[in-house]
Structure formats: C-alpha cells, structure tokens
Amino acid sequence: MLNVGEKAYCSAMNALEKQDYEAASVFFRLAEKQFAGKDDFCILQSTTDLLLAVKKEIATEKAE
Amino acid sequence: MNRLATLKNLEEILQQFLTSVAKLESEQIETLRTISSLDDIARDSLRGRYVNNRLGDWMAKNRMMVDEGRLKKTSISAVGNLLSDIKNGLDVTDPESKKLADEIGSWFARGVVPGRKLVLSRPPENADPNLTDRFAGLVRRELEEIGYYREKGDHILSMLDDVLKSAEAKNDPIYLHLAGSIIYYLRNGGYKIEPYVKRLKSLEKNRIEISNA
C-alpha cells in the first residue's frame with residue numbers, strides 16, 4: 001500500500017496538472033515529510049505556494 | 001510598471017513554469033495516477049469490498065504499460081506490492097477471483113514483482129537499545145495515518161473501523177497500537193467502545209496464536 005506521503009504526492013501532481021493550485025499546495029504539505037529533501041519536490045512546492053501568495057496579493061490589490 | 005502589473009507578470013511566469021512542468025511530467029503523472037488508482041483498489045480490497053470488476057478493468061487498461069516497458073523500476077515495485085496485497089485478499093475458491101489471481105501471477109511472471117525486502121519473522125536476539133526511537137517512529141507513522149483520515153474528513157469512529165480492518169488484514173503492529181490508542185481516547189471521552197474493544201481483543205488473540213504457531 002502506498003503510504004500517506006506517496007499518496008499525497010500523487011494527488012498533488014494530479015492537482016498541478018489540473019491547475020488546481022490550492023489543492024496541490026495542501027497535498028504537497030502532506031507529502032513534505034517524505035519528500036522534503038528532494039530538490040524537484042521543494043521547487044514545485046515553493047513555486048505553488050508562491051503562486052498562491054501572488055494570487056492572494058493580486059486579489060487584495062484589486063479590492064483596494 | 002505599477003505593483004499590480006508586476007504581480008500579474010509574476011503570476012503568469014509562475015503559472016507558466018508549473019504548467020510546463022506538468023506537461024513535461026505528464027507521463028510520470030499518468031503513471032502516478034495509475035498506481036494511485038490501484039492503491040485505492042487495494043485499500044478497498046483490504047476493507048473487504050468487492051473489487052474484482054475494478055481490478056479486472058485496471059489490469060486490462062494497463063497491461064500495455066508493462067508490455068511496452070513504460071514503467072520505471074520503482075513503479076514496477078509499487079505495482080508489484082499492490083498486486084501482491086490484493087492477491088493475498090482474493091478468495092481463490094471463487095472462479096472469478098481465481099482467474100484474477102492467475103492474471104496477477106502472470107504479471108509477476110512478466111517482471112512486475114513486489115519490491116519488498118525480506119522481513120525476518122523473529123525479533124533480534126539482543127535487546128534493542130533504540131526502543132525509544134522505534135516508539136517515536138511508530139507514533140510518527142500513526143500521525144501520518146491519522147493525517148490521511150483527517151484530510152478525507154472521516155469521523156474518528158470511521159477511522160477506527162478502518163484501522164481495525166487494516167489490523168486484521170495486515171501483519172503490521174502499527175494498526176493494533178493505533179486502534180488501542182483511539183479506543184482509550186474514546187473511552188476517556190465517554191464513547192461506547194465495547195464492540196471495538198471486542199474486535200481489538202480478538203485480533204490481538206489471533207496475532208498471538210499465529211506468532212506461537
């Protein structure tokens with residue numbers, strides 16, 4: 001059986017493909033314990049989180 | 001360029017990067033999806049659900065992936081492990097299940113074999129000096145399991161039911177320990193836990209009988 005981290009990584013990549021970045025971020029966080037040392041994983045997780053932060057910032061800017 | 005325009009530029013660049021990665025890795029993502037769906041089937045099989053149709057469909061759909069050598073070594077091991085878990089749960093007295101078990105056997109023969117290491121059935125002779133570390137490791141794995149159910153939004157009683165089913169199907173002490181912890185927690189919260197205690201005791205008894213056999 002896949003462990004929680006592996007399962008979460010599958011779901012994160014799936015969400016990334018569907019451009020569902022909120023879901024991808026949640027699943028990356030679930031998988032991070034297992035994959036934290038891997039560069040590819042860190043880049044994807046950080047980029048996803050940064051993109052979400054930028055989107056949030058844009059929404060704030062527009063609201064002001 | 002104003003702040004909003006800069007942010008939008010950055011958004012576009014980041015999104016393009018992630019989209020490109022997803023495109024580049026589309027084959028790997030497809031493989032992950034395939035393995036994850038087999039994992040879902042294996043989990044349902046462990047819970048005693050009928051999986052023959054889904055398993056048959058999965059095997060028919062993915063046979064080519066093996067024949068064309070599109071699976072990496074790690075993926076082959078993962079698929080092999082999952083098929084092995086499923087095969088162990090099939091009732092081979094049923095002709096349909098027997099056919100699926102034979103089909104799994106033919107996948108093994110084609111190189112899709114479980115990648116597990118040999119597990120010693122006896123504990124080491126010497127006392128383990130790192131018992132605390134091992135306990136910490138067990139609790140960490142339990143936390144990961146709990147995280148999985150929390151993510152799914154399952155009620156604690158559904159989680160306990162699943163954990164007990166896993167304890168029944170798998171020879172892994174984590175499930176008995178986790179079930180015991182949940183039951184103790186629920187008992188302190190005043191929940192009715194007798195049916196679960198009964199199941200846990202019966203599983204524990206079976207485990208002792210098997211290990212003494």
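**Entry 1: the cores**

I looked up the largest nonpolar core and found 48 residues in it, of which F28(A), L55(B), V79(B) and L83(B) touch the most other members. I take a nonpolar core as a set of buried Ala, Val, Leu, Ile, Met, Phe, Trp, Tyr and Cys residues joined through side-chain atoms within 4.5 Å, where buried means under 20% relative accessible area, exposed over 50% and partly exposed in between, with a 1.4 Å probe and protein chains only. At least two residues of this core come from each of α1 (4–17), α2 (21–35) and α3 (39–63) of chain A, and likewise from each of α1, α2, α3 (52–67), α4 (73–89) and α5 (95–109) of chain B. The helix that gives the most is α1(A), with seven residues. My helices and strands are DSSP runs numbered from the N terminus (helices H or I, at least four residues; strands E, at least two).

Which residues does F28(A) contact, its neighbours within four places in sequence left aside? I find Y9(A), A12(A), M13(A), L16(A), F41(A), L44(A), Q45(A) and T48(A), a contact being heavy atoms within 4.5 Å. I also noted a second, separate core of 21 residues, which includes Y149(B), L176(B), L186(B) and Y196(B).

**Entry 2: the model and its confidence**

I keep in mind that this is a predicted model, in which local features need pLDDT of at least 70 and side-chain atom pairs count only at pLDDT 80 or more, while totals for chains, interfaces and linings use all residues. Residues are numbered from 1 along each chain as its sequence is written, chains are lettered from A and ligands numbered from 1 in the order in which they are written, and side-chain values use heavy atoms, with hydrogens and water left out.

For chain B I read a mean pLDDT of 84, with 91% of its residues at 70 or more; pLDDT is the predictor's confidence in each residue, from 0 to 100. Over residues 117–124 of chain B the pLDDT is below 50, and this stretch has zero contacts in the model beyond near neighbours in sequence. For the complex, the predictor gives an ipTM of 0.93 and a pTM of 0.59.

**Entry 3: chain B as a whole**

I counted nine helices and zero strands in chain B. Of the 213 residues in chain B, 34% are buried. Among its contacts between residues at least 6 apart in sequence, 64% join residues at least 24 apart.

**Entry 4: salt bridges**

I searched the whole structure and found 15 salt bridges over all chains, each a side-chain nitrogen of Lys or Arg within 4 Å of a carboxyl oxygen of Asp or Glu. In one of them R33(B) pairs with E17(A), the closest N and O atoms being 2.9 Å apart. R33(B) lies in helix α2 of chain B and E17(A) in helix α1 of chain A, so this pair joins two chains.

E103(B) is partly exposed at a relative accessible area of 21%, and R63(B) is partly exposed at 30%.

Lastly, I noted a network of salt bridges that links K7(A), D39(B), D40(B) and R43(B).
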